[in-house]
Amino acid sequence: MPRKLAAGNWKMNGLAASLAEVETLAERFATPSCDVLICPPATLLSRMADLPRGAIEVGGQDCHANPSGAHTGDLSADMLADAGATHVITGHSERRADHGETDADVAAKTEAGWRAGLTAVVCLGETLAEREAGQTLGVVGRQLAGSVPDGATTAKCVIAYEPVWAIGTGLVPTLDQIGEVHSSIRSALVARFGETEGGGMRILYGGSVKPSNATEIFGVADVDGALVGGASLKADDFGGIISALEASVG
Ligand code: PEP
């Protein structure tokens, strides 16, 4: 079974001075008992990769579906790998909303990440209107089917369930609500990719995870870690979440 994963998404935050947070984390978690990943803005990727960062892995926040070409401002998965990334986030709800990315786009980017040797962290999640209309499991199931390409394995793919209404809002679903969605994602993964790959694929929860709520969230079945936005920017906060994940492993 792959180890649990604490993944930080810095989004459009961070200047060179922020790299000190990673050095602090690397000192505190020299040999973590879970995987730790930070996805900085592209401007910091190679500098972060070059730091003495111990076991902390570095990832991109998005990639283009093509390996190269006339796509001003975009980055290919090969470029991320060349800069030192081992992972790439695909289908974050902010990309789906801000850039109109469809499930097909997300699947193409995920495959591009795989071709470059990256593990893709594929994001899914319902809006508040969809949740209130009782559509959560249907929406997440459709996103999963459309965004995760055939051939997904535990090594190549991580799923992140991130309710859109919980991202950056301080709102968090109940533990039962998280458990219901994770269990439904697990069933779909096992049905499609089999007991070994679908059963082992990590499913992260994301949306206003903080040190104060991490322990209870990590106690929910089929929660294999977290994708963390705001609380990943400071070593103290992200460190508290990593510690909670380590404690959940025992
Ligand atoms: C995210 O953007 O992936 C996220 C989960 O953000 P936050 O932790 O700030 O809600």
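Student: What is the relative accessible area of Ala-49, and does that make the residue buried or exposed?

Tutor: Ala-49 has a relative accessible area of 13% and is buried. The word has a cut-off: buried means under 20% relative accessible area, exposed means over 50%, and partly exposed lies in between, using a 1.4 Å probe and protein chains only. Before we go on, a word on the model. It is predicted, so local features need a pLDDT of at least 70 and side-chain atom pairs count only at pLDDT 80 or more, while totals for chains, interfaces and linings use all residues. Residues are numbered from 1 along each chain as its sequence is written, and side-chain values use heavy atoms, with hydrogens and water left out.

Student: In which helix does Ala-49 lie?

Tutor: Helices (H or I, at least four residues) and strands (E, at least two) are DSSP runs, numbered from the N terminus. Ala-49 belongs to helix H2, which covers residues 42-49.

Student: Which residues is Ala-49 in contact with, leaving aside its neighbours within four places in sequence?

Tutor: Contact means heavy atoms within 4.5 Å. By that rule, Ala-49 is in contact with Val-58, Ala-83 and Gly-84.

Student: Let's move to a strand. How many residues of strand S5 are buried?

Tutor: Six of the six residues of S5 (residues 119-124) are buried, so this strand is largely enclosed by the rest of the structure.

Student: Which strand do four bridges join to S5?

Tutor: Two strands pair if DSSP finds at least two bridges between them. S4 (residues 87-90) is joined to S5 by four bridges, and the two run parallel. Here Ile-89 stands opposite Val-121 of S5. S5 also pairs with S6 (residues 157-161), again in the parallel sense, over five bridges. In that pairing, Cys-123 faces Ala-160 of S6.

Student: What does Thr-119 touch, not counting residues up to four places away in sequence?

Tutor: Thr-119, which lies in S5, is buried at a relative accessible area of 11%. It touches Thr-86, His-87, Val-88, Ala-155, Lys-156, Cys-157 and Val-158. A polar atom of the Thr-119 side chain lies 2.9 Å from the backbone oxygen of Ala-155.

Student: And Thr-110: with which side chain does its own side chain make a polar contact?

Tutor: A polar contact is a pair of N or O atoms within 3.5 Å; within protein, one must be able to donate a hydrogen and the other to accept it, and residues adjacent in sequence count only if both atoms are side-chain atoms. The partner here is the side chain of Thr-90, at 3.0 Å. The Thr-110 side chain also reaches the backbone oxygen of Val-106 at 2.8 Å. Thr-110 sits in helix H5 (residues 103-115) and is buried at 0% relative accessibility. Beyond its neighbours within four places in sequence, its contacts include Ala-120 and Val-122.

Student: What is the relative accessibility of Arg-131?

Tutor: At 15%, Arg-131 counts as buried. You will find this residue in helix H6 (residues 128-132). Its side chain makes a polar contact with the side chain of Tyr-161, at 3.4 Å.

Student: How do I read a pocket, and what volume does the largest pocket have?

Tutor: On a 1 Å grid over the protein atoms alone, a pocket is an open set of points where a 1.4 Å probe fits, with protein on both sides within 12 Å along at least five of seven lines; lining residues have an atom within 4 Å of a point. Grid points are joined across faces, edges and corners, and a volume is the space filled by probe spheres set on the points. The largest pocket has a volume of about 590 Å³. Of its 23 lining residues, Lys-11, Met-12, Gln-61, Asp-62 and Arg-95 are the closest to its centre. Helix H4 gives the most to this lining, with three residues.

Student: What volume does the second largest pocket have?

Tutor: About 220 Å³. It is lined by 17 residues, with Gly-168, Ser-208, Gly-229, Gly-230 and Ala-231 nearest its centre.
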